[in-house]
Amino acid sequence: MSKVIVFTCSPHKTGTTATVLAEVVNGAKAKGAEIIEYNMNAAGINGCQACNSCSAEDAECQCVQNDTLKPMYKDLREADALVFGSPIYMGNLNAQAWLLLNRLRPTSGPNFTPRIPGKRFVTVITHANADANSYKPVEDTLKAQFERRGWVPVGNLIWAGAGGELPEDLKSQAFDAGQRLVD
């Protein structure tokens, strides 16, 4: 059975980002995946302390902090795929998303060599701008963050002008992306 980790970076549990993520999860579950979820807005998550313990040659994919994210590193080592969802706030990924990206530092070794390569990933970005390409540099940066870790993109979903009902074409794309995570 495939294991998929879902990172929700939105503070809104039923907002637009969560709506798209739910469809990705539905697709992965339809293929029999086990889903593990991390809500980056949950209490008890610390920011990176830049101690560099995780960058030592003999360090594992683990953080020395004993907080809510501690089990995440074991889950990442065991997972086949991951899904990352964030809204755009003030023209960029929100604070919760950056917190996660910083806490993913242990997934890279010395000189930023990938420690756990080969994971498949899907990114989900939602924003109120009707122009789907308005935050292309943000999307490219996010994709590069994951590819730098040796992870393989299988989908990039954007809900531009987010609000109201999830458009049927995006719903279908999200479901299909979830299935591709497990294929």
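Among contacts in the chain between residues at least 6 apart in sequence, what percentage join residues at least 24 apart? The share is 80%, where contact stands for heavy atoms within 4.5 Å. The structure is a predicted model, in which local features need pLDDT of at least 70 and side-chain atom pairs count only at pLDDT 80 or more, while totals for chains, interfaces and linings use all residues. Residues are numbered from 1 along each chain as its sequence is written, and side-chain values use heavy atoms, with hydrogens and water left out.

The overall architecture comes next. Five helices and six strands are present in the chain; these are DSSP runs numbered from the N terminus, with helices being H or I of at least four residues and strands being E of at least two. Their order along the sequence is β-α-β-α-β-β-α-β-α-β-α. The C-alpha trace spans about 50 × 40 × 30 Å along its principal axes. The radius of gyration of the chain is 16 Å, which agrees with the value near 16 Å for a compact globule of 183 residues; this radius is taken over C-alpha atoms, and the globule rule is 2.2 Å times the number of residues to the power 0.38.

Of the 183 residues, 48% are buried (buried means under 20% relative accessible area, exposed over 50%, and partly exposed in between, with a 1.4 Å probe and protein chains only). The chain carries 18 positive and 19 negative charges, whose mean positions are 5 Å apart. Here Lys and Arg count as positive and Asp and Glu as negative, with His and the chain ends not counted; each charge is placed at NZ of Lys, CZ of Arg, CG of Asp or CD of Glu.

Four aromatic pairs are found in a search of the whole structure. Rings of Phe, Tyr and Trp (its six-membered ring) pair if their centres lie within 6.5 Å, and planes under 30 degrees apart count as stacked, over 60 as edge-to-face and the rest as tilted. One of these pairs, Phe-7 with Tyr-38, is stacked, at 5.8 Å centre to centre and 25° between the planes. This pair links distant parts of the chain, as Phe-7 lies in strand β1 (residues 3-8) and Tyr-38 in strand β2 (residues 34-39), 31 residues apart. Phe-7 counts as buried because its relative accessibility is 1%, and Tyr-38 is likewise buried at 10%. Phe-146 and Trp-151 form a tilted pair, with 5.6 Å between centres and 35° between planes. Relative accessibility is 0% for Phe-146, so Phe-146 counts as buried, and Trp-151 is buried at 3%. Ring pairs join Phe-146 and Trp-151 with Phe-84 and Phe-121 into a cluster.

Leu-93 belongs to strand β4 (residues 92-93) and is buried, at 6% relative accessibility. Ala-81 is 12 residues from Leu-93 along the chain, and their C-alpha atoms are separated by 21 Å.

Asn-102, in helix α3 (residues 95-103), counts as partly exposed because its relative accessibility is 44%. Asn-102 and Val-138 are 36 residues apart in sequence, with 16 Å between their C-alpha atoms.
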